[in-house]
Amino acid sequence: MPKTQVYHAVTERLEILGPDGTVDKDLLPELGEERVRSMYLDMIRMRAMDDKALKLQRQGRMGTWPPIKGQEAIQAGVAQAMADDDWLIPAFREHGIMWLRGVPAHLIYAYWAGDERGSAFPEGVRVFPVAVPVGSQWQHGTGVGLSLKLRGEDAVAVTFGGDGSTSEGDFHEAMNCAGVFRTPCVFVIQNNQWAISVPLHQQTASETLAQKAHAYGIPGVQVDGNDVFAVYSAAAEAIDNARRGGGPTLIEAVTYRLGDHTTADDASRYREDEEVEAWAERDPIVRLRSFLEQRGWWDADREQAAQSEAQTWVDRMVAEAEAMPPQDAGDIFTHMYAELPPNLAEQMAEATGGESS
Amino acid sequence: MSTAEIHAVETDPAGATEKLTIAQAVRDAMRDEMRRDASVVILGEDVGVDGGVFRATDGLIDEFGAERVIDTPLAESAIIGMSVGMAATGMRPVAEIQFMGFVYPAVNQLLAHAARLRNRTRGVLTVPMVVRMPYGGGIHPPEHHSESYESLFLNSPGFKVVVPSNPYDAKGLLAAAIRDPDPVLFMEPKRIYRAFRDEIPTEPFTVPLGVASVPHAGDDVTLISWGAMVRVCLDTADMLAREDVSVEVVDLRTLNPLDRSTMLASVTKTGRAVVVHEAPRTGGFGAEIAALIAEHALLHLEAPVKRVAGYDVVFPLAKNEKRYLPTRDRIATAVRETLEF
């Protein structure tokens, strides 16, 4: 008997906005001038938030910060495609989309400066806290999707992670279960090429990360992650499909981590300046500004005003974060359980000298 | 006194009762809670059509359907990771890890997330879930089916850890665990899943978490134990009674939060304590109990606290498991040494 083909798959890549600001008009989503401009303003604020955090860290006013510089288009594009009731399950390089989904920016600063209250999001904000153990959050995303499906909620769980996290077993388990249960999930890989010092080709022998979706029986697509229109279009299609009961989608957004892994890292130890410079020329913010200018939707005056407004906003957020009163001495104990158990009550009294009860 | 007699006194004499095994009591608790609360769902390997390898979910899929009794892919980390996502968004998952020896792949999800989410978010997101895990030895199984890993989780703040020793407690504690607002690890003594039946109430009831019981009263020495070892302690107490040794048995029932006062009251009364558990001795929970007794009841002690535990070895295969597990004779020897000190 001859061998027969039992499975064949093709992985597609979506690009709409070129590095010079020109677009594929057939693929350009109909967002309109105001929404495109607001995405640009979102991205400017993200960049300002990131720059400020790095400065604060050097001044000793911020803890270890993972920069998002270069990855703003993914976060602005996906956020634009989400509906109010959708859940976001982030990893730890998603400050931009966390803010866009309703997390007050001053809480993001507070968290990374070492204050747990930075993960106590206001009621109604459907965002999980940062997940540091790499890849673990993919499983939560599938669980949230299953929860939404079982309760008949018309919402989608959008989970983020990095290229390195696709090597974790949890990534595989989460995609597999999402495929089996057809959960309303969209999984977004921010493929920024580097997991600290290990490049993508040492993470996987796969040509793309998107193609891994085929193994789980779910759609997978690669997009240019520095192209906000491609990200938005792929996310909107995937989210819409999930909401209509079509099950999960994996999106690989190819981008580049222009900064270090965190402020505790020195990326010059393991990668060449030329590589960073080449990617800096594909900066997603510059690219969208070129588009806006070519359309006549933007000019130097607007740019100056926007940059100045972003600085003012960031300064206000820093002031709010730094104005938070210190936590109570007993706060490390009181949130462990719904009710303080006797051994913790005893330890709390010991730790606080009876100040807090 | 047998366990059946002890629990008969806790049963409402007017209410209907039935004779159930621990496995049946566990199933009934889940059934009752699923009837009571639509957000309770079961997920695990073979929990659906098969009814669980120990039949602890037998028939539940027929009453509640595959949407609430979910056969998952064979992935422990996914079972717990998905449960965290579900619990944080309005569900009450009751996850089954088929054997506690297979919990390792899920430990990251348990320790890094389930136990921490409430604290990390200052109470905004919580994890009201139960993880049922058949634990312990004595059933002559293949490798990795006999472990008692409670210590791993008792040194990881954020969980409650519950271990029933009889059908009444199994039903009442599991119902309480499912209603609890925090993650509960529910360790089921698989060795005695079907070893005996007790007459227990047919109606739903709860046994509060964090309250120990004293299934056998005595004056000379206190045996402190939990789970399957409670039966062995009760047998030891019966045997020693014939030698005129009066043994009190404290069944902790919940290891975290620990009912320190019941335990310390007993030791204060008898002046002697022997802790019995299946897990290896070094770093076992017996060490914590001995330390607590030393901190709070030292001057009442007539003898050092002794531990009868598993040895610090890999859990042996079937032909050697009797050489590992604490027995009536090992416990009796420890009691006599304590009395003769």
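## Close-up views of a two-chain predicted model

A residue counts as buried if 20 or more other C-beta atoms lie within 10 Å of its own, as exposed if 12 or fewer do, and as partly exposed in between, with C-beta atoms placed from the backbone. The strand spans residues 247–251 of chain B, and five of its five residues are buried. Helices (H or I, at least four residues) and strands (E, at least two) are DSSP runs numbered from the N terminus. In a regular strand the side chains alternate between the two faces of the sheet.

The model is predicted: local features need pLDDT of at least 70 and side-chain atom pairs count only at pLDDT 80 or more, whereas totals for chains, interfaces and linings use all residues. Residues are numbered from 1 along each chain as its sequence is written, and chains are lettered from A and ligands numbered from 1 in the order in which they are written.

**The partners of β11(B).** Strand β10 (residues 221–225) of chain B pairs with β11(B) in the parallel sense over five bridges; two strands pair if DSSP finds at least two bridges between them. In this pairing S225(B) stands opposite D251(B). Strand β9 (residues 213–216) of chain B runs antiparallel to β11(B) and is joined to it by two bridges. Here H216(B) stands opposite V249(B).

**Helix α9(B).** Helix α9 of chain B covers residues 228–241, and its 14 residues reach 21 Å from the first C-alpha to the last, close to the 20 Å expected at 1.5 Å a residue. The expected span is 1.5 Å times one less than the number of residues. Ten of the 14 residues of α9(B) are buried, so this helix is largely enclosed by the rest of the structure. The buried residues include M229(B), R231(B), C233(B) and L240(B).

**The open sheet of chain A.** Six strands of chain A form an open sheet with parallel pairing, in the order β1-β7-β8-β4-β3-β2. At its edges stand β1 (12–14) and β2 (87–89) of chain A, each with a single partner strand, so one side of each has no neighbour in the sheet. From one strand to the next the twist averages 25 degrees. Strands β4 (residues 185–191) and β8 (residues 249–254) of chain A pair in the parallel sense over six bridges, and V188(A) has I251(A) as its bridge partner in β8(A). Helix α5 (residues 136–150) of chain A packs on the sheet and touches β2, β3 (157–162) and β4 of chain A; its direction makes about 175 degrees with that of β3(A). Angles run from 0 to 180 degrees between N-to-C directions, and axes are lines fitted to C-alpha atoms, for helices over the stretch in contact.

**Strand β3(A).** Six of the six residues of β3(A) are buried, so this strand is largely enclosed by the rest of the structure. One face carries A157(A), T159(A) and G161(A), and the other V158(A), F160(A) and G162(A). With β2(A), β3(A) pairs in the parallel sense over three bridges, and L88(A) stands opposite V158(A). With β4(A), β3(A) pairs in the parallel sense over six bridges; the bridge partner of T159(A) in β4(A) is F187(A).

**The surroundings of V23(A).** V23(A) lies in the loop between β1 and α1 (32–58) of chain A. The residue is partly exposed, with 17 other C-beta atoms within 10 Å. Not counting residues up to four places away in sequence, V23(A) touches I16(A), L17(A), L28(A), F229(A) and F291(A); residues are in contact if their C-beta atoms, placed from the backbone, lie within 7 Å. The C-alpha atoms of V23(A) and F291(A) are separated by 7.8 Å, although the two residues are 268 residues apart along the chain.

**Helices α6(A) and α4(B) at the chain contact.** Helix α6 (residues 169–181) of chain A packs against α4(B) at an angle of about 70 degrees, with the axes 9 Å apart. This makes α6(A) roughly perpendicular to α4(B), a term that covers angles of 65 to 115 degrees. G169(A), D170(A), E173(A), A174(A) and C177(A) of α6(A) meet S77(B), A78(B), G81(B) and M82(B) of α4(B). The contact between chains takes 36 residues from chain B and 34 residues from chain A. On the side of chain B that touches chain A, α4(B) gives the most, with eight residues.

How values were computed:
Two residues are in contact if their C-beta atoms, placed from the backbone, lie within 7 Å. Angles under 35 degrees count as roughly parallel, over 145 as roughly antiparallel, 65 to 115 as roughly perpendicular and the rest as oblique.
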